[in-house]
Amino acid sequence: MTNAASGSPVSAPPDNPVLEARDVSRTYAIGEGWFGRRKFNAVSNVNLKLMSDELLVIVGESGSGKTTLARMLAGLVRPSSGVVSARGTELTKRTRRQIREFRRHTAIVFQNPYQSLNPRMRIGPALSEALNVARVVPKAEVSDEVDRLLTSVGLPVNYRLKYPLMLSGGERQRVAIARAIAGRPDVLIADEITSALDVSVSAQIVNLMLDLKAQRNFSCAFVTHDLSLALA
Ligand code: ADP
Ligand code: MG
């Protein structure tokens, strides 16, 4: 049946997934055996699709390869086999320009905020830096945008002056999230962002993520070992 025959307008092709993993595996060489180094499978044959605006929860126990998978989706680790694509383009076949674009559109937040935050940098400059790299607002508006970012993650604007060490774990994770969304990404990969936090703080961070996702329309791959969080 053709579109003409059915009388319907020509439909747009279905959206490409914003991120897709096809048969993705990652092995690490470990130890020194008699026959050279042995191989260890950290991730084996994962298939997933993250569609526009979707929330995809990836659950697995500790050591099951979640971080390795998250880093492959963010383009930070190369798969040993299989393919990761963003909007139909394989990550390994991108031009320099496409890599820059991908970096800007794909943010990752880690379990430990010190992986995303420089402990020697005050919060204000850390956020301005992210904004300057992403160039989403004119230079003259960067300072106001820092305030808006802090407000949107539920922190007072005078936190600009603080160092990460002066903050609680939950507050640090809020700053890491602010930094991640500074470039207005369309994909956010959250790798166990609540697992270092108390249950109540952890729930606040999950709610913050859901609010931001609704306001800012990004897709989210939410990685957790906590099945109760996944089912909530
Ligand atoms: P998870 O995040 O689910 O806890 P990871 O992806 O961090 O799992 O790790 C999966 C497995 O791969 C673990 O056994 C870990 O020790 C191993 N692994 C992770 N990264 C490396 C690496 N760079 N070199 C060697 N082994 C690694
Ligand atoms: Mg992990």
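Predicted model: local features only at pLDDT ≥ 70, side-chain atom pairs only at ≥ 80, totals over all residues.
Residues are numbered from 1 along each chain as its sequence is written, chains are lettered from A and ligands numbered from 1 in the order in which they are written, and side-chain values use heavy atoms, with hydrogens and water left out.

Student: What share of the residues of the protein chain count as buried?

Tutor: The secondary structure comes to 8 helices and 8 strands (DSSP runs numbered from the N terminus: H or I of at least four residues for helices, E of at least two for strands). Buried means under 20% relative accessible area, exposed over 50%, and partly exposed in between, with a 1.4 Å probe and protein chains only. Of the 232 residues, the buried share is 40%.

Student: Which element gives the largest share of the shell around ligand 1?

Tutor: The shell holds the residues near the ligand, meaning those with a heavy atom within 4 Å of it; Tyr 28, Phe 40 and Glu 61 are among them. Two elements give two or more residues each, strand 2 (36–50) and helix 2 (66–73). The largest share, 3 residues, comes from helix 2.

Student: How far is an oxygen atom of ligand 1 from an N or O atom in the side chain of Thr 68?

Tutor: A polar contact is a pair of N or O atoms within 3.5 Å; within protein, one must be able to donate a hydrogen and the other to accept it, and residues adjacent in sequence count only if both atoms are side-chain atoms. A backbone N or O atom of Ser 64 lies 3.2 Å from a ligand oxygen, and for the side chain of Lys 66 the distance is 2.8 Å. For the side chain of Thr 68 the distance is 2.5 Å.

Student: How many residues of helix 2 are buried?

Tutor: Lys 66 and Thr 68 are buried, and so are Leu 69, Ala 70, Met 72 and Leu 73. Helix 2 is mostly covered, and the buried count among its 8 residues is 6.

Student: Is Arg 135 buried or exposed?

Tutor: Arg 135 is found in the loop between helix 4 (123–134) and helix 5 (142–152). Arg 135 has a positive phi of about 50° although it is not a glycine. Most residues other than glycine have a negative phi. At 73% relative accessibility, Arg 135 counts as exposed.

Student: Where does the backbone nitrogen of Asp 226 lie relative to a polar atom of the side chain of Thr 224?

Tutor: Thr 224 lies in strand 8 (residues 219–224). Thr 224 is buried, with a relative accessible area of 3%. The distance from the polar side-chain atom of Thr 224 to the backbone nitrogen of Asp 226 is 2.9 Å.
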